[in-house]
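Thanks for sending this one over. Please have a look at the model below, and then at my notes on it.

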Amino acid sequence: MMNADMDAVEAENQVELEEKTRLINQVLELQHTLEDLSARVDAVKEENLKLKSENQVLGQYIENLMSASSVFQTTDTKSKRKFSVTPLTDSISNRGQLKRN
C-alpha cells in the first residue's frame, strides 16, 4: 500500500508541476503581449505628435495663403462697395475674379 500512496503523491506532484509550468508560460506570454502593446502605444503617440506638428505647419501655411489672397480678405462694412466671388458656373477665364455689385 505504501508504494501505491507514493505513486499517487508523485502523480499529484506531477499534475501540480505541469499546472505551474502552464501558468508560468501563460504569464510569460501575457508579459510579451503587454510589452508589444506598450511599444505600439509609444509608436502611435510618436506618430500622433508628428501629425499634430505637420497639421500646425499646414494650418499656418493655409492661413498665410488666405491672408495673402484678396478673395479671403474681409470686406469693409462702411464702404458702399461690396465684392463677391463669381459663381462657379461662370467661364473658366472669369473664375475666381471679383465683381462689383
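1. A salt bridge here is a side-chain nitrogen of Lys or Arg within 4 Å of a carboxyl oxygen of Asp or Glu. By that criterion, the whole structure holds 1 salt bridge. Please keep in mind that this is a predicted model, where local features need pLDDT of at least 70, side-chain atom pairs count only at pLDDT 80 or more, and totals for chains, interfaces and linings use all residues. Residues are numbered from 1 along each chain as its sequence is written, and side-chain values use heavy atoms, with hydrogens and water left out.

2. On the overall layout, the protein has 1 helix and 2 strands, in the order α-β-β along the sequence. Both kinds of element are DSSP runs numbered from the N terminus (helices: H or I, at least four residues; strands: E, at least two). Helix H1 covers residues 2–68.

3. Which side chains form the salt bridge? Arg22 and Glu19 do, at 2.7 Å from N to O. Because they sit 3 residues apart in helix H1, about one helical turn separates them. Side chains of opposite charge can pair when their charged atoms come close.

4. For burial, the classes are buried (under 20% relative accessible area), exposed (over 50%) and partly exposed in between, with a 1.4 Å probe and protein chains only. Arg22, at 45%, is partly exposed, and so is Glu19, at 36%. Of the 101 residues in the protein, 1% are buried.

5. Accessible areas come from the Shrake-Rupley method with a 1.4 Å probe, and for residues only the protein chains shown count as cover. The protein exposes about 9600 Å², of which carbon and sulfur atoms supply 58%.

6. Now the patches, which are built from residues with over 30% relative accessible area and no salt bridge; like charges are joined within 9 Å, and nonpolar side chains (Val, Leu, Ile, Met, Phe, Trp, Tyr) within 5 Å. Tyr61, Ile62, Leu65, Met66, Val71 and Phe72 make a nonpolar surface patch of about 580 Å². Tyr61 belongs to helix H1 and is exposed, at 52% relative accessible area.

7. There is also a surface patch of negative charge, formed by Asp42, Glu46, Glu47 and Glu54. Lys and Arg count as positive and Asp and Glu as negative, while His and the chain ends are not counted. Each charge is placed at NZ of Lys, CZ of Arg, CG of Asp or CD of Glu. Glu54 lies in helix H1 and is partly exposed, at 37% relative accessibility.
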